[in-house]
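Me: I have a new structure to get to know. Can you walk me through it?

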Amino acid sequence: MTVVGESTGTFMLGKELDILMAERARLLKVAGAAAQFVALMESRALPQSVATEAELLAETVNALSEDTLRDALASITRAK
């Protein structure tokens with residue numbers, strides 16, 4: 001009976017890992033798009049009503065590790 005329980009547990013752990021990896025991929029795309037937006041935005045041209053949120057977005061993107069930021073930008077790069 002232990003073998004069945006271990007097989008079920010291993011299967012469930014694998015499924016959870018698949019879910020987490022898919023979520024990471026989606027979050028990397030969001031982070032990549034945000035990083036690209038921050039890089040291209042002209043902060044002085046933004047309306048004051050969104051300046052605080054834009055600043056928060058920029059600070060959050062800048063707080064990412066270099067590896068994560070590289071992965072995020074790579075996730076939105078389209079093959080040419």
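Reply: Here is a short tour, from the whole chain down to single residues. This is a predicted model, where local features need pLDDT of at least 70, side-chain atom pairs count only at pLDDT 80 or more, and totals for chains, interfaces and linings use all residues. Residues are numbered from 1 along each chain as its sequence is written, and side-chain values use heavy atoms, with hydrogens and water left out.

Me: How many helices and strands are in the protein chain?
Reply: Three helices and zero strands. The order along the sequence is α-α-α. Helices (H or I, at least four residues) and strands (E, at least two) are DSSP runs, numbered from the N terminus.

Me: Is the protein chain compact or spread out?
Reply: Its radius of gyration is 19 Å, well over the 12 Å that the globule rule gives for 80 residues, so the chain is more spread out than a compact globule. That radius is taken over C-alpha atoms, and the rule is 2.2 Å times the number of residues to the power 0.38.

Me: What box do the C-alpha atoms fill?
Reply: Roughly 65 × 35 × 20 Å, along the principal axes.

Me: What share of the residues is buried?
Reply: Buried residues make up 14% of the 80. Buried means under 20% relative accessible area, exposed over 50%, partly exposed in between (1.4 Å probe, protein chains only).

Me: Which residues form the largest nonpolar core?
Reply: Seven do: Ala34, Ala35, Val38, Met41, Ala54, Ala58 and Val61.

Me: What does alanine 58 touch?
Reply: Val38 and Met41, not counting residues up to four places away in sequence. Contact means heavy atoms within 4.5 Å.

Me: New topic. Where does threonine 8 lie?
Reply: In helix α1, residues 2–40. Threonine 8 has 39% relative accessibility, so it counts as partly exposed.

Me: How far is threonine 8 from leucine 28?
Reply: They are 30 Å apart in space, C-alpha to C-alpha, and 20 residues apart in sequence.

Me: And glycine 9, buried or partly exposed?
Reply: Partly exposed, with a relative accessible area of 34%. Glycine 9 also lies in helix α1. Its C-alpha atom is separated by 31 Å from that of valine 30, 21 residues away along the chain.

Key:
Core = buried A, V, L, I, M, F, W, Y, C linked by side-chain atoms within 4.5 Å.
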